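Please open the structure in a viewer and keep the selection panel at hand.

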Amino acid sequence: MDLQTLTSMNWGIMAPEFTVLGTALLLSLLDLFMPRQKSRRILGILSAAGIVLASVFLFLQFSHEPASLFHDMYRLDSFSKAFKLILLLGTGLILILAYDYKMDREEEYRGEFYYLLLTALLGGLIMASSADMITLFIGLELLSLSSYVMAGLRKRDKESNEASFKYVVTGGISTAITLFGMSYIFGLTGETNLYTIGNALQDTSILQNQFLIAFAFFITFAGLTFKIASAPFHMWAPDVYQGSPLPVTAFLSVVSKTAGFALILRFFLLVFSSAPGIKGDPLLFQVQPYLAFLAGATMIAGNLAALRQRNIKRLFAYSSIAQAGYILVPFVSVSAMLFETTWFYLLAYLFMNIGAFAVIQEVTAHSKTHDISGFAGLYRRSPWLAIAMTIFILSLAGIPATAGFIGKFGIFMNALGASQGHYVLAGILVGTTVISYFYYFNIIGQMFFRPEHQEGRLLHKKGLLLVTAVCAAATVILGILPGTALHFFYEQFQLTDFFQTMEQK
Amino acid sequence: MQNAWLIPLLPLLSFILLLLFGKKLKEASAYAGILLTFLSLVLSVIVMAGQWGGESYKAEGLWLNIGNHPVTMGFEINPLNALMLVVVSLVSFLVHLYSKGYMHGDDRFHVFFAYLGLFTFAMLGLVLSPNLLQVYIFWELVGLGSFLLIGYYYFKPEAKAAAKKAFIMTRIGDVGLFIGIILLFWQTGSFEYDEIFKAIGNKIISPDMITLTAILIFVGAVGKSGQLPLHTWLPDAMEGPTPVSALIHAATMVAAGVYLVASMYPLFEASAAAMTTVAVVGGITAVFAASIGLMQKDIKRVLAYSTVSQLGYMMLALGSGSYTAGIFHLMTHAFFKALLFLAAGSVIHAVHTQNIEEMGGLWNKLKVTAPLFLIGALSISGFPLFSGFFSKDEILMATYENGRYVLFTLALIAAFFTAFYMFRLFFMVFSGSPANHTQEVKESEISMKVPMLVLGLLAIVAGYLNTPWFGSFLEDYLSQGPVSFSTEEVHGPVWIPVLAVVLSLAGIALAYVMYGKKTLARDWLSRSFPSLSSLIYNKYYADEIYQATVVRGTTVFSYFWSYVDRYLVEAAVNGTAGLVHWIGKKGSEFHNGQVQRFGAIALAGLVLLLLIFAVTGGYFS
């Protein structure tokens, strides 16, 4: 490949990625050469500008024809656009949280925070766009490595160190498992491109290796559950979420998870969509009971363990595990509405979870404790914050008139409407949802029904209030008029191009 | 009629206004709530007037698409829900009015009225819904509203626990409802009532599926309407302020379950098994709850068990194929039970206790409340010419005609119990010597009296809407609706109403002998009419017989059931909750934070998964 072909390629389809990359590089240089005492806050504003610019590019791409680079290694299709939208939006909101986050003794590392957030985002964007095992893996690792550092950003804090360490170790194990699974796939087909692998797996000569294909499926899947924090790779989440700085926790539970789901959907649907299972049935149907078992186990483990938590970040870690279990359901049941349901739930989850984290950050910064008693009497100290938090919690619990209800409703429709109805899974979903009321309502009870321990008003950082307001409004609007988001989805993203291979333009 | 959507929005407006400006308005908040619910009531009456002989009306707009199936939101007016609109908005309006006096002086006066507005909005929205999904959404909001209202006195731990319990117990029922609704959707492709009924008419759904979905929907109704075994939240919910009890436990939330079964009636009718389930659960609940009511000492708990029991009657009626009787009783019950609760609230307001053993002799002190309470008690006991008499008769008749003789007998026993516990309550509270501490008993203020007077009037006249003597207006009216049911006159044997009256009188008489007689100054009788002493002796003798047989029997029976309730039903529920907590505890202990364990679990999970797959997939065979 000479320089001419390289320059003639349609690099424009990577415009958002380049913007994020460029901003991250610029920030790291600025951080290096800025005087030590100078406040790094300006870098936060710059990185926000980078994300806005990347989002503008993404919006311009909405009308763009589906295109690809390097023979479908890197794709600009509806799927990638839909997920990038969530990733950029989520990172943008979290950046505001990071801007208002008090670093105390680690104030000098604030700059690193911003550009690591950007490189992590870049990894996520690559994951959403790639259709090749190599680029997928690069994206995955870029996201993971940046997150490892971010988790340990408060380097003088023991918990933060512990979080980072545990994250690296479990992450390493999961990467090994993922790669192990992928190596089977490569070994069977000799290809790395997902479309070519998909075709190769239909080859009759491969039929004698049915079990290997299925094993490859399970091993890769188990490795990837690390990113979405679902069973069997979910146990790191509570410790890491608890120890990480709060905006990082929000990032891990929303953006990192969304990227993980994008990867899982893209990878498994493309590679295994027409792979043969044991004795004739398509593999994707055959693995459903096992995946359903994992999803159900995730919901049960997350919700039951959450019941005992007093630490609000830990509680949200378990809640986030449980939510991962819910979001897996459409993938498990592979119904016609898989994409829009998953996308909608992730969007709803973005608003309700980041919103909740914004309130948590505001409250814990004031109360200096992560115990849920820090929320006691919040309604009297700051009624609007308490009402916003109530909206987020009701939404997480799936109460009507919130986005979470519509999301759960869609998931439920998937579970019961698929060709094989997943009645047991649907039952577990609703049953564990009822269990989740106990811990969710406990927080509401603290805010409204308990006398306050702390005196004085909250700090009311402007950025946090903005995030809270935006998220609360979006949660309610998506709950009452879900058609707006779904209509947008159908208008902008014709997912017919998902399975279509493209020649390089 | 096109503007019927305003009916639920007015209380919502009240909620929003009071949330925003309540703090400034203070007690003037009541006027906003009262005025807006009054407007709702006026509109509801207009809508219902338009329904006499008018057409059903439906307006809806696309909400979202699920695959190829459009899901709409809108509102619908038909005879059944127009009637419900009037009942709900009327009771809500009266409760608003009553609360103005009852809650006077409460710190969070405006919050209470805001919650009332939210709850009324949810309930009216539920009634207006033209499709099951919308019903479900409002159904949940009703649950949320009740959570706030029951837990209003949040500083009382019991109230907090009761609010939680009410919310979560009813949610257990909602699980069934939600699954049922979505199964129906996938079977019929729609959430709309009429589409679903059409699909059932065209036999698109298999009979097994009909039975399954009907029973799942009924499970939702069981939770909301406090039927066995999900009834335990209802008596506990008495921890809420008394006007709340009148609103939630008489006319609205608990009636929602009955309303749901009634509005999905074609589905139930299509399955004999579902109808039997409804009838049996209803019948057993009726007698079970009534027997527990016999021994309660808290005035509101007696009424709570009575509500559970009366709801059982309604379910029994619906399950026995008598749509009209079920709705009729729903309506009359809404009036007389709201009356009883408000009157009970007035009593509590006056004497500041809920324990009936500490009350007595209030007849002369509460000159308005006492006769009104009597009207309510007579009505619920099925005393002739009061509304409960007609509606209960119709239920008994329908059950008998349906050939369910065991349930019929249970219903008769429940009728006897009802009369007994109501009058036990009445005599203990209003007759006898005044208890010591009731020195300064004052009758309630005017805003509390007016609602009771209105309800008292309705508790008498509502029965004449559907009588064997003056014609069955209600039945004619309901039969115009989309839900078709047989309108042939139920001609049960004449002995049924007679027997019912006799049982009701026997219950009242027994209560009188046991609790009223003591107070009617036996001395006075024997002194004035010495010749009657033998009669008195005989009466005493009768009392002894009663004591030995009926009373002891019922006591044992009642204790037995309250023990079953406490130790079996509650234990099962608490046991499940305990188990869940235990697993949660073990789960978090298991999570000891060691990274090695994380990795081990992940790997073990993966290996197990592969092994199971290999075995079940047949790798080793």
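Predicted model: local features only at pLDDT ≥ 70, side-chain atom pairs only at ≥ 80, totals over all residues.

Residues are numbered from 1 along each chain as its sequence is written, and chains are lettered from A and ligands numbered from 1 in the order in which they are written.

**Chain B**

Select chain B. Its secondary structure comprises 24 helices and four strands (DSSP runs numbered from the N terminus: helices are H or I of at least four residues, strands E of at least two). Of the 621 residues in chain B, 57% are buried (20 or more other C-beta atoms within 10 Å of the residue's own; exposed is 12 or fewer, partly exposed in between, with C-beta atoms placed from the backbone).

**The contact between the chains**

Next, display both chains. The contact takes 47 residues from chain A and 43 residues from chain B, two residues being in contact if their C-beta atoms, placed from the backbone, lie within 7 Å. On the chain B side, at least two residues each come from β1 (57-66), α5 (132-150), α6 (157-188), α23 (533-590) and α24 (595-617). Select α24(B), which gives the most to this side, with 12 residues.

**A helix pair in chain A**

Now select residues 110-129 and 133-151 of chain A. These are helices α5 and α6 of chain A, packed at an angle of about 155° with their axes 7 Å apart (axes are lines fitted to C-alpha atoms, for helices over the stretch in contact, and angles run from 0 to 180 degrees between N-to-C directions). The angle therefore makes α5(A) roughly antiparallel to α6(A) (over 145 degrees; under 35 is roughly parallel, 65 to 115 roughly perpendicular and the rest oblique). Show side chains where they touch: the contact includes Phe113(A) and Leu117(A) of α5(A), and Leu136(A) and Leu143(A) of α6(A).

**Backbone details**

Select the loop between α9 (210-228) and α10 (236-243) of chain A, where Pro232(A) lies. The peptide bond from Ala231(A) to Pro232(A) is cis, with omega near 0°. Ala229(A) is in the loop between α9 and α10 too, and has a positive phi of about 55° although it is not a glycine. Ala229(A) counts as buried because it has 29 C-beta neighbours inside 10 Å.

Finally, select Leu385(B), in the loop between α16 (369-380) and α17 (387-401) of chain B. Leu385(B) has a positive phi of about 75°, and counts as exposed because it has 12 C-beta neighbours inside 10 Å.
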